[in-house]
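Welcome to this short tour.

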Amino acid sequence: VNSLPALLIVDLLLILIAFLVRQSIRKGGLVPKGISGAMEMIVEVLYNMTEGTAGKYAKWIFPWFATIMLVVLVANLMKLLPGMETIGVIHHASGEGHTLQNLGGNWYTVLAETAKEGEGYVLTPFVRALSTDLNFTAALAIISVVMTQVIGVRAQGIRYFSKFLNFTTMFKKPFFGFMDFLVGILETISEIAKILSFAFRLFGNMFAGFVLLALVGTMVPIFVPSLIFMFEFFIGLIQAFVFGMLTMVFMAQATQGHGGDEHHE
């Protein structure tokens, strides 16, 4: 439940950025300034990257590439904000938990030391890092893979599915036809495996970062967690770029013929 508020915050932040860019553009001026200038630079870099990879299909692929990358980037960097995963409801632990310290009134803080069994407490945060929820990463992975197939069909038509089920040479050249059939099965498995790869790569890296921050924060002085926060910042940036780039590359590959007939020549 606490990942849904994080998703709403991510959406609101992106909508706010879009609104601010729109307002800045409406004010006029040939040279973009402030947030509109920054967004123009980001969009131009991403579009040129897409155009260099996908060519004439860049207009189809770019919206998915840029949107997925921005959503994942904001979701990853949100966990570095103060209060993320540290403010919530304290309740009794079913097993071992931690001791509490009263801050005044009904406000408490959870201490690092472990309490006796049955006397401990744990914290359930109001908002958690969105990328540490496998539902979110799996949903993005499914969207990425499904839209890759859609773009492949738009670019190649029904011929796109020949890379999954290729019977065109089965009777003319039985050996090569059988090999094409096996390759099609492998392509189908590969497309399904992309969902698992996408989902668990992002989830695993971000969840590991969350655990690392929690452990280091309780064991070492304050300056070391600060270095870990910087490390997590770059990890979040890289993971967003990797997720978006893989989506863009797979979509660009889907627009091209799989080359099933060339080797017969």
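Start with two helices, α3 and α4: they lie roughly antiparallel to each other, a label for angles over 145 degrees. Select residues 58-78 for α3 and residues 134-156 for α4; their axes come within 11 Å and cross at roughly 170 degrees. Here axes are lines fitted to C-alpha atoms, for helices over the stretch in contact, and angles run from 0 to 180 degrees between N-to-C directions.

Now show the side chains where these helices touch. From α3, pick W60, I61, W64, I68, V71, V72 and A75; from α4, pick F136, L140, I143, S144, M147, I151, R154 and A155. Contact means heavy atoms within 4.5 Å. Sorted by type, the residues of this contact are 13 nonpolar, one polar and one charged. In this sorting, Ala, Val, Leu, Ile, Met, Phe, Trp, Tyr, Cys and Pro are nonpolar, Asp, Glu, Lys and Arg are charged, and the others, Gly among them, are polar.

A word about what you are viewing: this is a predicted model, where local features need pLDDT of at least 70 and side-chain atom pairs count only at pLDDT 80 or more, while totals for chains, interfaces and linings use all residues. Residues are numbered from 1 along each chain as its sequence is written, and side-chain values use heavy atoms, with hydrogens and water left out.

Next, zoom out to the whole protein. Helices (H or I, at least four residues) and strands (E, at least two) are DSSP runs, numbered from the N terminus.

Which residues touch the most other members of the largest nonpolar core? Select V10, V72, M78, L130, F136, L140 and F243, out of 23 residues in this core. The helix α3 gives the most to this core, with seven residues. A nonpolar core is a set of buried Ala, Val, Leu, Ile, Met, Phe, Trp, Tyr and Cys residues joined through side-chain atoms within 4.5 Å. Click on L140: beyond its neighbours within four places in sequence, L140 is in contact with I68, V72 and F243.

Last stop: select Y160, in the loop between α4 and α5 (174-219). Is Y160 buried or exposed? Y160 counts as buried because its relative accessibility is 2%, and buried means under 20% relative accessible area (1.4 Å probe, protein chains only). Leaving out residues up to four places away in sequence, Y160 touches T148, Q149, G152, V153 and A254.

How values were computed
Angles under 35 degrees count as roughly parallel, over 145 as roughly antiparallel, 65 to 115 as roughly perpendicular and the rest as oblique. Buried means under 20% relative accessible area, exposed over 50%, partly exposed in between (1.4 Å probe, protein chains only).
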